[in-house]
Amino acid sequence: FILPRHIRKDAMNAMCGRVACPSAVLGTSTRTSSAMLKRSSSANLRGKSGRGKLLLVRALDGPESSSPTMDYQGALKFLGLSESASSDDMVRAKNKMRSRYQDQEEELKTVESAYDVVLMASLMKRSQGQVSDNRVKYADVVSPGAAVKQKLPPWVRDLGNKLPPRPAYESPDSETLTQSGIALGVLAALVLAQGCSQPPGADDPPGLQLSLALLGSVWLLRKKDLSLGRSISLAVLGLTVGSVVGGAIQGWLRVDIVPLGPLSSPSAVVSEFSLAGIFAATAFLF
């Protein structure tokens, strides 16, 4: 199966932290490593079986690591992950916890330990064929889309590779859900109050509220370790989708002709759905 490059790197780092890593051993002390391997081989050959068992040697120049350990369920709970979390979810959770405890050495050790436990358990499940996510592809399986892409001219394939990745869904954490819900709820109340205060026939779009909502959305998306461009794109996407839905609802209601109580502002109706779209993009997309 194909794993992302950063996951393969993290997996090798995790394994090299527990057993002797050939490249690290050769790079630090060739003589010491050779002597230890010779002694290990001799001891192995003097064993009762005499059939060349594999002996793993822990070769560390310093004292053993004092990083805290935890079980699988404890690691999932600490990182806020479920058992079906993807590799991207694991990396985002680790980076979020590292940013939270960036000045606390012991807590950072706990974060790395929990990430190693979850990562190695995920790799073990995949190696045993226990992966239920049908998005996981194996090296000898070519999807229909990939087969079509291989037939395209090189310049078309290069153009497609330069396009930004499509938005993906994730379950929001409680912190993001609370912050975005409170902020956008207050802005939605201000939009509604402004729309109800306008006399029939007058329509002053709530541009300030929408601008604040976009800025807040970009800030919250950046906390998910997304790039600035990606955060802006997702916030604008939520605004656009919400505005389209709001325009369709307003075309059906026509509050400018038949007011909903004191509400007779079409822009207020559209803006309410725009804020809902921004909230959905902030909480559920990455």
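This is a predicted model: local features need pLDDT of at least 70, side-chain atom pairs count only at pLDDT 80 or more; totals for chains, interfaces and linings use all residues.
Residues are numbered from 1 along each chain as its sequence is written. Local features need pLDDT of at least 70 and side-chain atom pairs pLDDT 80 or more, while totals for chains, interfaces and linings use all residues, and side-chain values use heavy atoms, leaving out hydrogens and water.

Student: How far apart are the end C-alpha atoms of helix α9?

Tutor: Helices here are DSSP runs (H or I, at least four residues), numbered from the N terminus. Helix α9 has 24 residues, 174-197. The expected span is 1.5 Å times one less than the number of residues, so α9 should span 34 Å, and that agrees with its end C-alpha atoms, which are apart by 34 Å.

Student: Which helices do the buried residues of α9 pack against?

Tutor: Buried means under 20% relative accessible area, exposed over 50%, and partly exposed in between (1.4 Å probe, protein chains only). The buried residues of α9 include L184, L187 and V191. Counting contact as heavy atoms within 4.5 Å, they pack against α10 (207-222) and α12 (266-284).

Student: Is E175 buried, exposed or partly exposed?

Tutor: E175 has a relative accessibility of 32%. That puts E175 in the class called partly exposed.

Technical notes
Helices (H or I, at least four residues) and strands (E, at least two) are DSSP runs, numbered from the N terminus.
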